[in-house]
Amino acid sequence: MIKYEYVWLDGYKPEPFLRSKVKVTRETTPPDWSFDGSSTQQAEGGSSDCLLLPVTEYTNPLYGDKLVMCQVQTGEHETHPTNTRAAAAEVASDEWWFGFEQEYFLTNPDGTILGWEDGIPEKPQGEYYCGVGAANVKGRDISEAHLEACLEAGIELTGTNAEVALGQWEYQCLGKGIKAGDDLWMSRYLLHKVAEDFDVSVNIHPKPQSGDWNGSGMHTNFSNKEMRENGTEELYSTMCDKLGEVHQDAIANYGSDNDQRLTGLHETQKITDFSYGVSDRGASIRIPIYTVEHNWNGYLEDRRPASNADPYKIINHIVGTLTK
Ligand code: MG
């Protein structure tokens, strides 16, 4: 018998939560399945079946045999209104590469951030980023266990680090085409599950702690074949200008409460403004020095997405805008 752990996105607003359940079967590929959509804000009670269609399979590093990322259909076999993957899958060919920098806070079950149990930490920001030592870092064992789990699953994490605020972490997740979105969602699922073992929760709100503390973002590095192999300064400028024309659209797709994070402080541009520049971490889009030094063959970094953004929506916005 094979144990498949099906994972999908529910219908909660403004951002969906992850759901999962386990199927035990002799079938060697995971079959379509169903669930009670009235319990996930995806259907009414009178007609509550929604369908789960497997899209990507992973080795399950934590339990059973396979993790299965699914997309949701209505009971009538139509794309469910909450299925943001479908639109992204139509535009995102595998020549598009995405490197998501997922930032997050770790909290106790009551919501307090690890290390903040007695209130605001005495030391201001400064020594926590990439820090070491019990006074500077909280939750390293979770970050490390999560990295191992993702690599075992076949999700390409390219690094992790302790972030600017105490109890805040980041990992970088690289993927191609629509699978980049599947991988990021599955990496979040594994993070929640790994943290469960430590009785710790994961908070991906973009500004869980107000005041002079960094928020959490999900900087999105991206490139297509032309940007990597045949780039020019003009190509990059044209792309940035195109993205600037639909800045409001981007903000609508880049996560809720992002106005609390994009203030113009803490290495961000204001949410109302759009700018781009070489090496500029105060810009909406940064042109990395790597790109310039490689004769304009490289990638761009969109610094606007919040940590709670849906990667499918980000992919759809960027590729949809640049291939129009
Ligand atoms: Mg970071």
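1. A nonpolar core is a set of buried Ala, Val, Leu, Ile, Met, Phe, Trp, Tyr and Cys residues joined through side-chain atoms within 4.5 Å; buried means under 20% relative accessible area (1.4 Å probe, protein chains only). The model is predicted, so local features need pLDDT of at least 70 and side-chain atom pairs pLDDT 80 or more, while totals for chains, interfaces and linings use all residues. Numbering starts from 1 along each chain as its sequence is written, and side-chain values use heavy atoms, without hydrogens or water.

2. The largest nonpolar core has 58 residues, and Ile155, Phe222 and Leu300 touch the most other members. Helix α3 (residues 179–196) gives the largest share, nine residues; helices are DSSP runs (H or I) of at least four residues and strands (E) of at least two, numbered from the N terminus. This core lies between domain 1 (2–83) and domain 2 (90–322), because both give residues to it; the bounds come from an automatic or database domain assignment.

3. Leaving aside neighbours within four places in sequence, Leu300 is in contact (heavy atoms within 4.5 Å) with residues including Phe222, Met227, Tyr236 and Ile287.

4. A second, separate core of 10 residues includes Trp8, Trp33, Val68 and Val72.

5. The magnesium ion has Glu103, Glu163 and Glu170 as protein donors, each through OE, at 2.0 to 2.3 Å. Donors are N, O and S atoms within 2.8 Å of the metal (3.2 Å for Na, K and Ca); water is not among the atoms, so sites may look incomplete. Glu103 is in strand β6 (97–107) and Glu163 in the loop between β7 (156–162) and β8 (168–176), 60 residues apart. Glu103 is buried at 10% relative accessible area, and Glu163 is buried at 7%.

Note on methods: Buried < 20%, exposed > 50% of the residue type's maximum accessible area, 1.4 Å probe, protein only.
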